[in-house]
Amino acid sequence: MDHTFHLPNSGHNFDAKASKMGMWLFLYTELLLFGGLFLVYMVYRELNSEAFLLASFKLNVWMGTFNTVLLITSSMTIAMSITALQKGNKILSIRLMWITILAALGFLIVKYFEWGAKFDHGLFPGMDHYQQLPTGERLYFYLYFFMTGLHGLHVIVGAVFIMFVIRGVKKGSVTPERYSLSENAGLYWHLVDLIWIYLFPLFYLIH
Amino acid sequence: MSDKENIHISSYKEHVSTWLALILLTFMTVFVSVFGAELRTLSVATAMIIATVKATAVGYYFMHLKYDPKIYKIMMATVLGLFVFFMLMITLDYITR
């Protein structure tokens, strides 16, 4: 007896619309994940507004600004790489994707120095200085590390995702006619940018 | 893609314009926050309004929502509506304690 399973569409199981819809559905859940954290921030900030204000002065606004510029620029380059791919310019598309990955690396390096400075000051939850802070400031730093940390994980995932697209373009599975993987990686990367657009003013700017 | 007629390719120029707008808005927020710190001019509401303008630009032009089928916009509105609902419920909870 033959148990080989044949797809009803005879193996052509590529559906750009469905894969894009799937990506968007995932992005909606991501928005609600961060949305929940923003609500936690909102409540604690309302209850400890003075402490949040004091704690926010301990962040480096210029490092945050630099990272914002990096993310916005990389958002543009990934969008352009899709345009380049759709127009058939594979080399330009790959270059633009590498620029995006470099920007992601740059973001993480700046983040490393930022976090490093906080570690040196003992501000990470559980460290000596952290334990002596008033409750409001402890909550601020707890949320700061949790939310920027979760966002940083997304930056890493986004960069790896884009590397897969580059591999796909080189191997020929992602083409000007079949670009939905690159489109989905782009959407994910824009989400990373989108979340930072809110994280940045909430933690660095509202004095 | 099978439905060729629906494909819209965003131009490089449009991406650059979006980028420029986002950068300008970012520096505007930073400027007001850093140089107006003593005055506390940057209220939460102002910062959130500017952030939302930036997020809308990213969604509309970079994420292609402007040219995509309506369903994505409808779903986005549903998710945002859900978020606002959560926010309202939590606010009501805290102000009535």
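A residue is taken as buried when its relative accessible area is under 20%, and Glu114(A), with a relative accessible area of 1%, is therefore buried in this predicted model. The salt-bridge partner of Glu114(A) is Lys111(A), the closest N and O atoms of the two being 3.4 Å apart. Lys111(A) also counts as buried, at 6% relative accessibility. Both residues belong to helix H4 of chain A, which covers residues 90–120, and they lie 3 residues apart, about one turn of the helix. An α-helix has 3.6 residues a turn, so residues three or four places apart point the same way.

The chain that holds this pair contains 7 helices and 0 strands, and the elements of chain A accordingly read α-α-α-α-α-α-α from the N terminus on. The C-alpha atoms of chain A occupy a box of roughly 70 × 45 × 25 Å along the principal axes, and 55% of the 207 residues of chain A count as buried. Among the contacts in chain A that join residues at least 6 apart in sequence, 80% are between residues at least 24 apart.

A salt bridge that links separate parts of chain A is formed by the side chains of Lys58(A) and Glu137(A), at 2.9 Å from N to O. Lys58(A) is placed in the loop between helix H2 (49–56) and H3 of chain A, whereas Glu137(A) is placed in helix H6 (residues 135–171), so the pair ties together parts that are 79 residues apart in sequence. Over all chains, the count of salt bridges comes to 5.

The interface between chain B and chain A involves 45 residues from chain B and 49 residues from chain A. About 4500 Å² of area is buried between the two chains, and carbon and sulfur atoms give 78% of that area. Across the interface, 10 residue pairs are in polar contact. On the side of chain B that touches chain A, at least two residues are supplied by each of helix H1 (12–35), helix H2 (44–62) and helix H3 (70–95) of chain B. The residues of that side of chain B comprise 32 nonpolar, 8 polar and 5 charged.

Between chain B and chain A there is 1 salt bridge, in which Asp68(B) and Lys20(A) bring their closest N and O atoms to 2.8 Å. Asp68(B) lies in the loop between H2 and H3 of chain B and Lys20(A) in helix H1 of chain A (residues 16–47), so the pair joins two chains.

Helix H2 of chain B has 19 residues and reaches 26 Å from its first C-alpha to its last, close to the 27 Å expected at 1.5 Å a residue. The buried residues of H2(B) include Met48(B), Ile50(B), Val58(B) and Phe62(B), as well as Lys54(B) and Gly59(B). The buried residues of this helix pack against helix H3 (61–86) and helix H7 (180–205) of chain A, together with H1 of chain B.

Just after H2(B), His64(B) takes a positive phi of about 75°, and this residue is located in the loop between H2 and H3 of chain B. With a relative accessibility of 12%, His64(B) counts as buried. Leaving aside residues up to four places away in sequence, His64(B) touches His8(B), Ser10(B) and Gly59(B). The contact with Ser10(B) includes a polar contact of 3.3 Å between the two side chains, and the C-alpha atoms of His64(B) and Ser10(B), which are 54 residues apart along the chain, are separated by 8.0 Å.

Definitions and conventions
Residues are numbered from 1 along each chain as its sequence is written. Chains are lettered from A and ligands numbered from 1 in the order in which they are written. Side-chain values use heavy atoms; hydrogens and water are left out. Contact means heavy atoms within 4.5 Å. Buried area is the accessible area (1.4 Å probe) that two parts lose on being put together, summed over both. A salt bridge is a side-chain nitrogen of Lys or Arg within 4 Å of a carboxyl oxygen of Asp or Glu. A polar contact is a pair of N or O atoms within 3.5 Å; within protein, one must be able to donate a hydrogen and the other to accept it, and residues adjacent in sequence count only if both atoms are side-chain atoms. Helices (H or I, at least four residues) and strands (E, at least two) are DSSP runs, numbered from the N terminus. Ala, Val, Leu, Ile, Met, Phe, Trp, Tyr, Cys and Pro count as nonpolar, Asp, Glu, Lys and Arg as charged, and the others, Gly among them, as polar. Buried means under 20% relative accessible area, exposed over 50%, partly exposed in between (1.4 Å probe, protein chains only). The expected span of a helix is 1.5 Å times one less than its number of residues.
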